[in-house]
Amino acid sequence: QVELVESGGGLVQAGGSLRLSCAFSGIIFRIDVINIMAWYRQAPGKQRELVATITSGGSTNYADSVKGRFTISRDSAKNTVYLQMNSLKPEDTGVYYCKIDQRGAIRTAYWGQGTQVTVSS
């Protein structure tokens, strides 16, 4: 059974930092499949947006709005993906979701339940 569990969200003042974790289980990373781990966020009244991605090979990409402030990483031994968020802004407020996307002959995506991040001004 696949499970993704996010943690680390909370309330922080602008300029502060948080580190989100996504612990996952039940997913097999095959070498003939492209595995992409990602963080998304959804602010109230807005669509879910991509924040950052990391491949199983370690390549990363970021939304322009978080470049230089957020860092995505993974610990393969712990089956965990992290999002280090520094210099937080009120506009970073939202529910943050972890996603694992497997692209092979069949494309499969797994989502976590989300963790709330609130940045006060």
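## Charges over rings

Arg74 lies over the face of Phe29, 5.3 Å from the ring centre. A charge sits over a ring if NZ of Lys or CZ of Arg is within 6 Å of the ring centre and within 35 degrees of the ring normal. Arg48 takes up such a position over Trp111, at 4.7 Å from the ring centre.

The model is predicted: local features need pLDDT of at least 70, side-chain atom pairs count only at pLDDT 80 or more, and totals for chains, interfaces and linings use all residues. Residues are numbered from 1 along each chain as its sequence is written, and side-chain values use heavy atoms, with hydrogens and water left out.

## Aromatic pairs

The structure holds three aromatic pairs. Rings of Phe, Tyr and Trp (its six-membered ring) pair if their centres lie within 6.5 Å; planes under 30 degrees apart count as stacked, over 60 as edge-to-face and the rest as tilted. Phe24 and Phe29 have ring centres 5.6 Å apart and planes at 55 degrees, so this pair is tilted.

Phe24 is buried, at 6% relative accessibility. Phe29 is partly exposed, at 26%. Buried means under 20% relative accessible area, exposed over 50%, and partly exposed in between (1.4 Å probe, protein chains only). Elsewhere, ring pairs link Tyr40, Tyr97 and Trp111 into a cluster.

## The four-stranded sheet

An open sheet of four strands runs in the order β1-β3-β8-β7, with antiparallel pairing. Strands β1 (3-7) and β7 stand at the edges with a single partner strand each, so one side of each has no neighbour in the sheet. The twist averages 15 degrees from one strand to the next; axes are lines fitted to C-alpha atoms, for helices over the stretch in contact, and angles run from 0 to 180 degrees between N-to-C directions. Strands (E, at least two residues) and helices (H or I, at least four) are DSSP runs, numbered from the N terminus. Two strands pair if DSSP finds at least two bridges between them.

Five bridges join β1 to β3. Glu3 has Ser25 of β3 as its bridge partner. Six bridges join β7 (residues 70-75) to β8 (residues 80-85), and Phe70 is partnered by Met85 in β8. These two strands form a hairpin with four residues between them. In the turn, Asn79 has a positive phi of about 50 degrees.

## The disulfide

There is one disulfide, counted as a pair of cysteine sulfur atoms within 2.5 Å. The bond joins Cys22 to Cys98, with an S to S distance of 2.2 Å. Its torsion is about -80 degrees, so the disulfide is left-handed. Cys22 is in β3 (residues 18-25) and Cys98 in β9 (residues 94-103), 76 residues apart. Both cysteines, Cys22 and Cys98, are buried.
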